[in-house]
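Here are my notes on the model, point by point. Please read them with the structure open.

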Amino acid sequence: DFFFAHAIDGVRLRFQLACGAGKTFIYGMLIKRDLAIDPNGKYVIFVPFRDLARQTAEELRSGPFDLNVAVVGDGDSLDDSATVLVCVYASAGLLDGLKVRLKIMDEAHHLEQACPGGFAEKNSRGRQG
C-alpha cells in the first residue's frame, strides 16, 4: 500500500535491500497489483547483467506471479507481447518509445560500470510512461 500511495505523478521511490532479501518477489507483487488496475499495462525491470536478467525473468514467470516475461539484451528479438520486460542496462535503447507503467532499476549500484557516462546518456531516447 505504501508504494501505491506514494508512486503517483511520476514520484521516484527508492528501495535498498540486501542481496537475497526478496527484491524480485517485491517487484512481482507490485506488478501483479498494478495489473489489477490496468490489465494491459507494460512494465520494465532494468538489470546490469544477462544472467541476472534470465534469473529475474524465470522467477517472475513462475511461482505466485505467472507473468508473461521477456528478456531484452539476451540476443533474442524484442517480444512486444510480453507484459514484463527484463532489460540489461546496455540494451535499454532497444526500448525506445515504449510506454510503461512502472520502471524498476535493479542493482543500480552497477549502473556506472555497465553504462559508462550514465544510463540517461545511453538511453537518451528512452521511452517514457
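1. Is Asp 38 buried, partly exposed or exposed? Asp 38 is partly exposed, since its relative accessible area is 23%. The classes are these: buried is under 20% relative accessible area, exposed is over 50%, and partly exposed lies in between, with a 1.4 Å probe and protein chains only.

2. Ground rules. This is a predicted model: local features need pLDDT of at least 70, side-chain atom pairs count only at pLDDT 80 or more, and totals for chains, interfaces and linings use all residues. Residues are numbered from 1 along each chain as its sequence is written, and side-chain values use heavy atoms, with hydrogens and water left out.

3. Confidence. The average pLDDT (the predictor's confidence in each residue, from 0 to 100) is 78 for the chain. A score of at least 70 is reached by 70% of the residues. Residues 119–129 have pLDDT below 50. Beyond near neighbours in sequence, that stretch still has 27 contacts in the model. A contact means heavy atoms within 4.5 Å.

4. Overall make-up. The chain has five helices and four strands. These are DSSP runs numbered from the N terminus: helices are H or I with at least four residues, strands are E with at least two. Read from the N terminus, the order is α-α-β-α-β-β-β-α-α. Of the 129 residues, 40% are buried. Among contacts with a separation of 6 or more, 62% join residues 24 or more positions apart. The accessible surface is about 7700 Å². Carbon and sulfur atoms hold 51% of that surface. The areas come from the Shrake-Rupley method with a 1.4 Å probe; for residues, only the protein chains shown count as cover.

5. The sheet. Its four strands run in the order S2-S3-S1-S4, open and with parallel pairing. Strands pair if DSSP finds at least two bridges between them. S2 and S4 are the edge strands, each pairing on one side only. From one strand to the next, the twist averages 20°. Axes are lines fitted to C-alpha atoms, for helices over the stretch in contact, and angles run from 0 to 180 degrees between N-to-C directions.

6. Strand partners. Four bridges hold the parallel pair S2 and S3. Val 72 has Cys 87 in S3 as its bridge partner. S1 and S4 are also parallel, over four bridges. There, Phe 46 stands opposite Met 105 in S4.

7. Helices on the sheet. H2 packs on the sheet and touches S1, S3 and S4. The direction of H2 makes about 165° with that of S1. H3 lies across S1, S2 and S3, at about 175° to S2.

8. Ser 91 sits in the loop between S3 and S4. Ser 91 counts as buried because its relative accessibility is 14%.

9. Salt bridges. Side chains of opposite charge can pair when their charged atoms come close. The criterion is a side-chain nitrogen of Lys or Arg within 4 Å of a carboxyl oxygen of Asp or Glu.

10. Arg 101 and Asp 38 meet at 3.6 Å, N to O. The two are 63 residues apart: Arg 101 is in the loop between S3 (84–88) and S4 (102–105), Asp 38 in the loop between H2 (23–37) and S1 (43–47). Arg 101 is partly exposed, at 40% relative accessibility.

11. Two within H3. Arg 54 and Asp 51 form a salt bridge at 2.7 Å, N to O. Both lie in H3 (residues 50–61), three residues apart, about one turn of the helix. Arg 54 is partly exposed at 36%, whereas Asp 51 is exposed at 57%. Arg 61 and Glu 58 form another, at 3.7 Å. About one helical turn separates Arg 61 and Glu 58, because they are three residues apart in H3. Both are partly exposed: Arg 61 at 33%, Glu 58 at 44%. Elsewhere, salt bridges with shared partners join Asp 34, Asp 38 and Arg 101 into one network.
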